[in-house]
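Please keep the sequence and the model in view while reading.

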Amino acid sequence: MAAGRFLSELHIRQLSDGQWAALTAPLTYVDDDGTSYTVPFDYPTNLESIPRGLWNIFPKWGKGARAGVVHDYLCDTKPLDSDQVHALYRRALKACEVSRFEQHVKFWSVKIGGPNFKARPVEVT
């Protein structure tokens, strides 16, 4: 099985509140199984939901930001259940080449403190 990878860089513009940003180009992540997830142009994101007090250790604008954007988008759109989305976040962090320690801390942070949801059924037309 191939490792997950990003097909694009993160291109954003910071919004006026300083906490949020919007994509200025789509962001695509291909997971280990070959499934592709594309975050659309103009999607609003806070990158990674890291408390301000931890920004010196884990900057929200750091190496894992692309993984945070994909995680936000999948939590909003719910194509997978929350456990699957959080596990995908960990794989995306690995693709961002963040340390194993950072992957571990961020994964468990969203697993314990993040949203819990079921996948939305896909409508067939």
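F6 counts as buried, at 13% relative accessibility; buried means under 20% relative accessible area, exposed means over 50%, and partly exposed lies in between, with a 1.4 Å probe and protein chains only. The model is predicted, so local features need pLDDT of at least 70 and side-chain atom pairs count only at pLDDT 80 or more, whereas totals for chains, interfaces and linings use all residues. Residues are numbered from 1 along each chain as its sequence is written, and side-chain values use heavy atoms, with hydrogens and water left out.

The chain contains 3 helices and 6 strands; these are DSSP runs numbered from the N terminus, with helices (H or I) of at least four residues and strands (E) of at least two. Read from the N terminus, the order of the elements is β-β-β-β-β-β-α-α-α. Of the 125 residues in the chain, 41% are buried. Among contacts with a separation of 6 or more, 54% join residues 24 or more positions apart, a contact being heavy atoms within 4.5 Å. The chain exposes about 7400 Å², of which carbon and sulfur atoms supply 55%; accessible areas come from the Shrake-Rupley method with a 1.4 Å probe, and for residues only the protein chains shown count as cover.

The interior may be considered next. In soluble globular proteins, nonpolar side chains tend to be buried together. Here the largest nonpolar core has 25 residues, and V39 and V70 have the most contacts inside it. Such a core is a set of buried Ala, Val, Leu, Ile, Met, Phe, Trp, Tyr and Cys residues joined through side-chain atoms within 4.5 Å. At least two residues of this core come from each of β4, β5 (36–39), α1 (65–77) and α2 (82–95), and α1 gives the most, with 7 residues. Setting aside residues up to four places away in sequence, V39 touches L23, P26, L27, V69, V70 and Y73.

How many aromatic pairs are there? The count is 3, where rings of Phe, Tyr and Trp (its six-membered ring) pair if their centres lie within 6.5 Å, and planes under 30 degrees apart count as stacked, over 60 as edge-to-face and the rest as tilted. One of them joins F6 and Y29, which is tilted because the planes stand at 50°, with the ring centres 4.9 Å apart. This pair links distant parts of the chain, F6 in strand β1 (residues 5–6) and Y29 in strand β4 (residues 27–30), 23 residues apart. Y29 is buried, at 0% relative accessibility. R66 lies over the face of F6, 4.4 Å from the ring centre; a charge sits over a ring if NZ of Lys or CZ of Arg is within 6 Å of the ring centre and within 35 degrees of the ring normal. The charged end of K78 sits over the ring of F117, 5.0 Å from its centre.

F107, in helix α3 (residues 100–113), is buried, with a relative accessible area of 10%. F107 forms an edge-to-face pair with W108, 5.1 Å centre to centre and 75° between the planes; W108 is partly exposed, at 38%. Beyond neighbours within four places in sequence, F107 is in contact with H86, A87, Y89 and R90.

Finally, the cysteines: a search of the whole structure finds 0 disulfides, a disulfide being a pair of cysteine sulfur atoms within 2.5 Å. C75 is buried at 9% relative accessibility, and C96 is buried at 6%.
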